[in-house]
Amino acid sequence: MTLYFPRRKFVLYGSATFATSLLLKACRSNQSTTPTVSSSGEGFKIAIALPGIITDKAWNQSGYEGLTLAKQKLGAEVAYLEQVAQADQTEALTDFARKGYNVVFAHGGQFDAAIEQVAPQFPNTFFVGVNGNNKGANIASLRIDHLQGSYLCGIIGAAITKSNKLAYIAGQEFPATQEELRGFKLGAKSVKPNIQITSTFLGDWNDVAKAKSATLALIPSGADVIYQWLDSSSAAVLQAASDRGVYAFGNTKDQFDVAPKAVLTSAVKRLDIAIAYLAELAKQKQLKGQIYTIGLEKKDILYLGKFGAAVPETVKQNTFKVQQGIIDKEIIFENCQEAGKDTRCVKKA
């Protein structure tokens, strides 16, 4: 049976009691609910709260696939909650913890404040902020090294641009997107020191109209290569770039097939593998209250996707050479001061 109410959708895999509880709660608050119940398990329970939909072919889908992979590998009982608005984050995490979930993933840096508020109340649940910046007794963060991936894309973008103007579009500005933007700038400037990079933060990860409008506004100003980090609206950027004859980068998933004429490559982040790995640590009681950062050294988790025809072989080979230099620590990123604040700089060992 599927119940639908306009606003927010709950999709659950877990015990019938858990599903019923959330159904009643959703009905009371007039939130949209689509329950699916199944059981598996050896008493280990994993949940994930997602800010968007699991079919976005981007960030949220990767989180859901991580939950699915963890279920397959660990035989865990799992649940997920999609389209969690910022105002509902605390309630969502609290509900999972009250239902006895051993580890709860919050899929996005925007959950940091909610994790900080909820975690101390539930010491028997481990909270993991994906893209987060928190750590504590029962708090960990999972970070892909976005700077490393975007650095490589910056090198490619600088080699392809004819206008010497690049652009970055993301949903929100927080540490992970700041790091990614920084990496894109560093990579581009390593090829062309005087290149211009502008940034736009939309305040929304899924607004298709806003993403398309922002992209179309950037192109007349001269930007001919666009790096985007969005969720459901990422395709709008890629397709708008393709329609206007400029180039763009995919993000998180290999998005080459979304707009083959426009996509130069994608910064692929296999969050499914990373999430399943931390879930396994949690089951083994080896998960620690720290920030887990995964970079290019994990070639099955962070890598470049398919290349577009516009990328010359010489540019590909140079990019792969730089990638290996980062892995071998011949190229490292260190903290430095710029405009009075700490940021990241490149240093060659």
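A residue is described here as buried when its relative accessible area is under 20%, as exposed when that area is over 50%, and as partly exposed in between, with a 1.4 Å probe and protein chains only. Ala-259 therefore counts as buried, at 4% relative accessibility. The structure is a predicted model, in which local features need pLDDT of at least 70 and side-chain atom pairs count only at pLDDT 80 or more, whereas totals for chains, interfaces and linings use all residues. Residues are numbered from 1 along each chain as its sequence is written, and side-chain values use heavy atoms, with hydrogens and water left out.

The protein contains 10 helices and 15 strands, these elements being DSSP runs numbered from the N terminus (helices, H or I, of at least four residues; strands, E, of at least two). Of its 349 residues, 56% are buried. Contact is taken to mean heavy atoms within 4.5 Å, and among the contacts with a separation of 6 or more, 67% are accounted for by residues 24 or more positions apart.

Six strands form an open sheet of mixed pairing, in the order 8-7-9-10-11-13, where two strands are said to pair if DSSP finds at least two bridges between them. Strand 8 (196–201) and strand 13 (302–304) are the edge strands, each of which pairs on one side only, and the twist averages 15 degrees from one strand to the next. Strand 7 and strand 8 run parallel and are joined by 6 bridges, with Ile-169 standing opposite Thr-200 in strand 8.

Together, strand 7, helix 6 and strand 8 make a right-handed β-α-β unit, a crossover being right-handed if, with the strands pointing away from the viewer, the path from the first strand over the helix to the second runs clockwise. Within helix 6 lies Thr-177, which is buried with a relative accessible area of 0%. When neighbours within four places in sequence are left aside, Thr-177 is in contact with Tyr-168, Ala-170, Gln-172, Phe-201, Trp-205 and Trp-229.

Helix 6 also packs with helix 5 (residues 146–160), at an angle of about 35 degrees and with the axes 6 Å apart. The crossing of helix 5 and helix 6 is right-handed, a term used if the near helix is turned clockwise from the far one by less than a right angle, and left-handed if anticlockwise. The residues that meet include Leu-147, Tyr-151 and Ile-155 in helix 5 and Phe-184, Leu-186 and Val-191 in helix 6. By class, the contact of helix 5 with helix 6 has 10 nonpolar, 6 polar and 3 charged residues, where Ala, Val, Leu, Ile, Met, Phe, Trp, Tyr, Cys and Pro count as nonpolar, Asp, Glu, Lys and Arg as charged, and the others, Gly among them, as polar.

A further helix pair is formed by helix 7 (residues 208–218) and helix 8 (residues 234–243), which pack at an angle of about 35 degrees with their axes 8 Å apart, helix 7 passing helix 8 in a right-handed crossing. Val-208, Ala-211, Lys-212, Thr-215 and Leu-216 of helix 7 make this contact with Ala-236, Val-237, Ala-240 and Ala-241 of helix 8, giving 7 nonpolar, 1 polar and 1 charged residues. Ala-259 itself lies in the loop between strand 10 and strand 11. Not counting residues up to four places away in sequence, Ala-259 touches Leu-238, Gln-239 and Ser-242, and its C-alpha atom is separated by 9.5 Å from that of Val-237, 22 residues apart along the chain.

Elsewhere, strand 6 (residues 139–144) and strand 12 pair in the parallel sense over 4 bridges, with Tyr-292 as the bridge partner of Leu-142.

Methods. Axes fitted to C-alpha atoms, helices over the stretch in contact; angles between N-to-C directions.
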